[in-house]
Amino acid sequence: MPAAAFELERPESVSEALDALAAEPDARVMAGGQSLVPLLTLGLAVPPVVVSLDRCGGLADIEAGPDEVAVGAMVTTRRVELDAGLGARLRLLAEAAASVGSPHVRNFGTLAGNLCHADPGSDLIPAALCLEAELEVRSAHGRRRVGVGEMIDGPFSTALRPGEMAVAVRFPVPDPSWRCGYRKLVRRAGDLAMACAAVMVRVEDGAMAEARVALGGPLRRAVRVRGLEADLEGVAAADAAGTVLGGTWMDDLAGDLLPDATLPVDYLTAMLPRFTAAAVAETLGAGP
Amino acid sequence: MTAVSANGGNRPAASISVTVSVNGRRRVIDCSPGDTLLEALRSPLGLTGTKSGCEIGYCGACTVLVDGAAAHSCCLLAATMDGREVTTIEGIGTAEGLDPVQAAFLETGAVQCGYCTPGFVVSVKALLAENPAPSEAEIRRYLTGNICRCSGFAAIVRAVAAVTR
Ligand SMILES: Cc1cc2nc3c(=O)[nH]c(=O)nc-3n(C[C@H](O)[C@H](O)[C@H](O)COP(=O)(O)OP(=O)(O)OC[C@H]3O[C@@H](n4cnc5c(N)ncnc54)[C@H](O)[C@@H]3O)c2cc1C
């Protein structure tokens with residue numbers, strides 16, 4: 001039962017959906033509803049109109065081009081987890097998708113909806129940041145592409161404008177020589193992450209030629225940790241964990257930490273480097 | 001027209017009619033935009049085997065199958081369910097002929113207060129349809145969407161393993 005009544009629109013095409021969004025600036029898009037329906041129930045979202053994409057044609061495809069994979073806005077997390085073609089090219093994303101909540105949530109929740117929900121503990125946002133994904137965004141007035149990092153501006157907050165919706169998430173296909181790994185810390189299986197790390201590294205002659213690390217969980221928003229990436233470049237793979245633990249990159253995150261009563265700042269500043277070191281070491285151990 | 005519901009929220013009069021297959025029977029559900037599938041099953045349809053717990057997707061007491069896939073019925077709007085096939089606990093086994101999953105829960109003592117049991121049984125049906133011989137780790141992983149507040153998880157996992165033997 002929602003806390004407040006709303007009108008439900010179920011457009012059958014993207015252009016009809018965009019018209020519905022243009023007509024009501026406070027309308028909310030609904031994809032899988034796995035976050036929005038609880039928000040409506042709790043009264044944390046009180047839109048006058050909900051525009052459901054459940055019967056909107058053309059949004060449920062995975063298009064695999066030679067250099068890019070486009071995941072339509074209604075593709076579920078479960079499909080991202082299990083699709084063999086996608087998994088072969090975007091293994092990091094598939095691994096992160098398998099960590100999302102329960103099968104129940106993954107069966108209906110979508111990749112695009114997860115990114116647009118901008119939960120700091122999302123599993124899919126750090127993976128999308130490492131893979132340098134972009135959202136393809138449309139409104140009744142036009143179309144633009146926005147990087148996932150630029151789109152998310154804080155907890156549950158995005159830079160999408162009224163009238164806009166994501167129609168697809170686009171991933172450049174990484175060279176198969178990248179090793180990748182995903183690590184998540186939870187108290188109870190199925191919970192949102194207390195901390196999560198997506199890692200991609202390319203090793204040449206025993207040293208890290210390139211590294212990408214994205215952290216989420218106890219931060220206002222998940223971020224690429226550029227300082228740590230720079231520290232890791234050129235370092236022997238065997239010295240990776242020591243480099244993570246010895247660096248000053250945590251200073252860059254200080255302003256973004258989201259401590260609470262159970263996860264105070266001193267715990268977070270002690271835990272995150274160890275957690276990240278383990279994530280990087282695990283990725284290097286995984287082989288190309 | 002709006003009527004005030006028991007929880008104080010505004011419940012608009014049913015304005016949408018959707019046709020859903022529920023346990024193999026074609027049912028017409030009259031609902032308002034905000035009614036969840038859980039509410040539609042329990043109240044207009046009277047299928048109270050599907051339990052209401054947290055109402056925000058965490059506890060799994062409200063698990064049903066939608067087109068064969070496990071779903072938290074509290075997180076789906078009834079108005080978006082037209083043309084779907086929904087299976088609730090009432091569609092699994094009968095009092096005379098229990099489903100093997102229900103029989104295993106009984107034999108293994110996997111039921112304490114019983115409130116979570118319908119949700120667990122429905123989730124296990126989805127698990128076994130996908131993976132007829134799951135390992136213990138696979139059973140535990142699949143059941144992350146269901147919580148037993150009596151914390152009888154060990155017996156529940158044993159019950160699932162017993163079905164597959
Ligand atoms: C019990 C539970 C456990 C969970 N655990 C995890 C977890 O461990 N890890 C994790 O990552 N997530 C978790 N989630 C969140 C889950 O992954 C959601 O499915 C996801 O965040 C939202 O996807 P959705 O398609 O259901 O979006 P919806 O609920 O439909 O929408 C979510 C938000 O995104 C907006 N939105 C949706 N689609 C679009 C679009 N195309 N364009 C613009 N805006 C859009 C909506 O307006 C809304 O604000 C959990 C959820 C639940 C209920």
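Predicted model: local features only at pLDDT ≥ 70, side-chain atom pairs only at ≥ 80, totals over all residues.

Guide: Residues are numbered from 1 along each chain as its sequence is written, chains are lettered from A and ligands numbered from 1 in the order in which they are written, and side-chain values use heavy atoms, with hydrogens and water left out.

Visitor: Which domains does the assignment give chain A?
Guide: Domain 1 (7–52), domain 2 (62–172) and domain 3 (179–285). Such bounds come from an automatic or database domain assignment.

Visitor: How far apart are the centres of domain 2 and domain 3 of chain A?
Guide: Their C-alpha centres lie 21 Å apart. Each of these two domains of chain A puts 23 residues into the contact (heavy atoms within 4.5 Å).

Visitor: And how much area do domain 2 and domain 3 of chain A bury between them?
Guide: About 1900 Å², with 59% of it on carbon and sulfur atoms. Buried area is the accessible area (1.4 Å probe) that two parts lose on being put together, summed over both. On the domain 2 side of chain A, A:Leu92, A:Pro120 and A:Cys130 lose the most, together 27% of what that side buries.

Visitor: How many salt bridges cross between domain 2 and domain 3 of chain A?
Guide: The rule finds three. It asks for a side-chain nitrogen of Lys or Arg within 4 Å of a carboxyl oxygen of Asp or Glu. Elsewhere in the list of bridges, A:Arg212 meets A:Glu132 at 3.6 Å, N to O.

Visitor: What about polar contacts between domain 2 and domain 3 of chain A?
Guide: Eleven residue pairs, both at pLDDT 80 or more. A polar contact is a pair of N or O atoms within 3.5 Å; within protein, one must be able to donate a hydrogen and the other to accept it, and residues adjacent in sequence count only if both atoms are side-chain atoms.

Visitor: Switching to chain B. Where are its domains?
Guide: Domain 1 covers 2–91 and domain 2 covers 100–164. Their centres, taken over C-alpha atoms, are 23 Å apart. Domain 1 of chain B gives 15 residues to the contact, and domain 2 of chain B gives 13.

Visitor: What holds the buried area there?
Guide: The two domains of chain B bury about 1100 Å², and carbon and sulfur atoms give 64%. In domain 1 of chain B, B:Cys59, B:Thr63 and B:Ile89 lose the most area, together 40% of that side's share. The salt bridge count between these domains of chain B is zero, but six residue pairs are in polar contact.

Visitor: Now the two chains together. How many residues does each bring?
Guide: Chain B brings 37 and chain A brings 34. They bury about 2700 Å² between them, 61% of it on carbon and sulfur atoms. B:Cys75, B:Leu77 and B:Thr144 supply 19% of chain B's part, more than any other three residues.

Visitor: Which residue forms a salt bridge with A:Arg78?
Guide: B:Glu130, with the closest N and O atoms 2.4 Å apart. The count between the chains is two salt bridges, plus nine residue pairs in polar contact.
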